[in-house]
Amino acid sequence: MHDLILRGGTLLDPGQGINHRADVAFSAGRVSGMGEQVVGAEAGVEHHVDGSFVVPGLIDLHTHVYWGGTALGVDAGSVARASGTTTFVDAGSAGPGNYAGFLRHVIEPSGPRILAFLNISFAGIFGFWRSLMVGECADLRLLDVGEALRVAGENLATIVGIKVRVGRIAGGSSGMAPLEMAIEVAEELNLPVMAHIDLPPPNLRQILERLRPGDILTHCFRPFPNAPLVGGRIRESAVLARENGVIFDVGHGMGSLCFDTARRMMEQGFLPDVISSDVHALCIDGPAYDLLVTLSKFLALGMPLGDLVERATLRPARAVRRPELGCLRTGGLGDATVLAIEEGAYTYLDCTGEKMTSNRRLICKGCVVAGAFLPVEPREI
Ligand SMILES: [Zn+2]
């Protein structure tokens with residue numbers, strides 16, 4: 001009666017307060033049974049996962065997976081096989097002018113699920129490479145709210161919000177205008193905005209004051225400038241934005257996770273809401289690698305496993321308003337990831353070149369996407 005059973009693991013679903021030994025069974029793409037001893041896999045497959053944790057499928061809230069359509073895109077299938085990520089949320093690789101290709105050539109044929117924030121800029125992130133860097137928000141002629149509204153409105157099955165890259169690198173001298181335009185489109189469709197931040201202007205306070213409840217600030221643990229700290233203390237604007245319901249997302253990437261910032265923020269009780277990798281072509285071989293490695297860095301920073309899992313399942317699912325993705329329940333979506341903690345000697349690098357050593361890391365033993373088991377071989381870093 002079941003197609004697949006994961007046997008003997010510890011079911012860990014922080015959103016539902018579940019942390020105990022249980023089998024999890026899948027059938028027809030959905031969870032078909034959970035309990036101490038699920039029976040009935042006559043025609044199916046069983047995997048023994050004793051000593052591991054079965055968690056809801058990992059969701060990476062900030063990725064770039066428009067492989068072949070944008071230079072920074074990576075292949076979601078390959079990243080899933082290295083990290084156990086079952087849902088990739090693309091953060092604005094495509095804009096209104098090239099979303100159709102992303103949908104047809106990448107999202108629809110993909111094994112892992114792909115959802116997307118639509119870039120407010122017409123051609124998405126088109127000029128991002130080692131030897132050149134042309135920000136898609138640097139010329140406001142590229143931003144058309146009417147086209148963004150039309151394309152997002154026509155693709156609400158896969159588009160979960162509007163992405164905008166705000167700052168001097170992505171936006172030149174455009175200032176706050178790209179963010180205002182993204183918010184105008186998002187308001188019309190009742191969607192969240194994901195705002196990237198790089199170098200000022202604008203500064204962090206200006207951006208945070210403008211974001212609405214449910215909007216996402218990505219690259220939230222940047223180094224100076226535009227870090228969420230001033231003189232080592234949490235900026236008041238960050239505290240106020242959190243109180244207002246703004247979601248703070250890590251978005252590791254090439255330049256956006258600073259261990260010192262993360263340590264100081266967490267010491268003062270300010271944990272990120274979501275942990276994401278911002279995996280793209282220029283950080284997939286370090287420093288970010290993928291979501292699994294990014295989570296291991298937060299394990300090394302002292303975050304307990306339950307808190308990590310919540311920030312890569314329930315919280316990102318809520319951020320994109322797809323709560324069915326972030327939990328495991330009978331009858332629900334058949335996505336799961338099998339995680340374990342391994343002991344050894346590991347060294348991690350942040351975006352400033354700081355090294356951190358740890359005697360533990362997260363590894364992934366496999367994942368399940370829509371009821372189908374996918375073996376996972378974690379990256380050696
Ligand atoms: Zn990004």
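Let's start with the core. The largest nonpolar core in this predicted model has 116 residues. Which residues have the most contacts inside it? They are Ile 162 and Ala 195. Among the elements, helix α5, residues 177-189, gives the most to this core. Its share is six residues. The core also reaches into both domains, drawing at least three residues from each of domain 1 and domain 2.

Stay with Ala 195 for a moment. Leave out residues up to four places away in sequence, and look at what Ala 195 touches. The list includes Val 164, Val 166 and Leu 179. Further along the chain come Ile 207 and Leu 211.

Now the domains. Domain 1 is made of two pieces of chain, 4-55 and 330-374. Domain 2 covers 57-326. How far apart are their centres? Taken over C-alpha atoms, 25 Å. The contact between them takes 27 residues from domain 1 and 36 residues from domain 2. On the domain 1 side, two elements give two or more residues: β19, 336-349, and β20, 355-369. Which of them gives the most? That is β20, with nine residues. By class, this side of domain 1 has 16 nonpolar, six polar and five charged residues.

Next, the whole protein. The secondary structure comes to 11 helices and 21 strands. Why call the protein as compact as a globular protein of its length? Because its radius of gyration is 20 Å, close to the 21 Å that the globule rule gives for 381 residues. Along the principal axes, the C-alpha trace spans about 60 × 45 × 40 Å. Of the 381 residues, 54% count as buried. And take the contacts between residues at least 6 apart in sequence: 75% of them join residues at least 24 apart.

On to some strands. Strand β7 runs over residues 53-56, and strand β2 over residues 10-13. They pair in the parallel sense, over two bridges. Which residue of β7 is the bridge partner of Thr 10? Phe 53. Strand β7 has another pairing, with β19. Parallel or antiparallel? Antiparallel, over four bridges. Here Phe 53 stands opposite Leu 339 in β19.

Now the backbone. Most residues other than glycine have a negative phi, and most peptide bonds are trans. Look for the exceptions.

Two peptide bonds to find. A cis bond joins Pro 201 and Pro 202, with omega about -5°. Where is Pro 202? In the loop between β14, 193-197, and α6, 204-210. The other cis bond joins Gly 286 and Pro 287, and its omega is about 5°. Pro 287 sits in the loop between α8, 259-267, and α9, 291-300.

Then two positive phi values. Asn 190 is not a glycine, yet its phi is positive, about 55°. It lies in the loop between α5 and β14. Buried or exposed? Asn 190 counts as exposed, because it has 8 C-beta neighbours inside 10 Å. Asp 278 is not a glycine either, and it has a positive phi of about 50°. Its place is in the loop between α8 and α9, where we also found Pro 287. Is Asp 278 buried or exposed? Buried, because 27 other C-beta atoms lie within 10 Å.

Asn 203 is partly exposed, because 15 other C-beta atoms lie within 10 Å.

Methods
Residues numbered from 1 in each chain as written. Predicted model: local features only at pLDDT ≥ 70, side-chain atom pairs only at ≥ 80, totals over all residues. Domains from an automatic or database assignment. Contact = placed C-beta atoms within 7 Å. Nonpolar A, V, L, I, M, F, W, Y, C, P; charged D, E, K, R; others polar. Core = buried A, V, L, I, M, F, W, Y, C linked by C-beta atoms within 7 Å. Buried ≥ 20, exposed ≤ 12 C-beta atoms within 10 Å, placed from the backbone. Rg over C-alpha atoms; globule rule 2.2 N^0.38 Å. Pairing = 2+ DSSP bridges.
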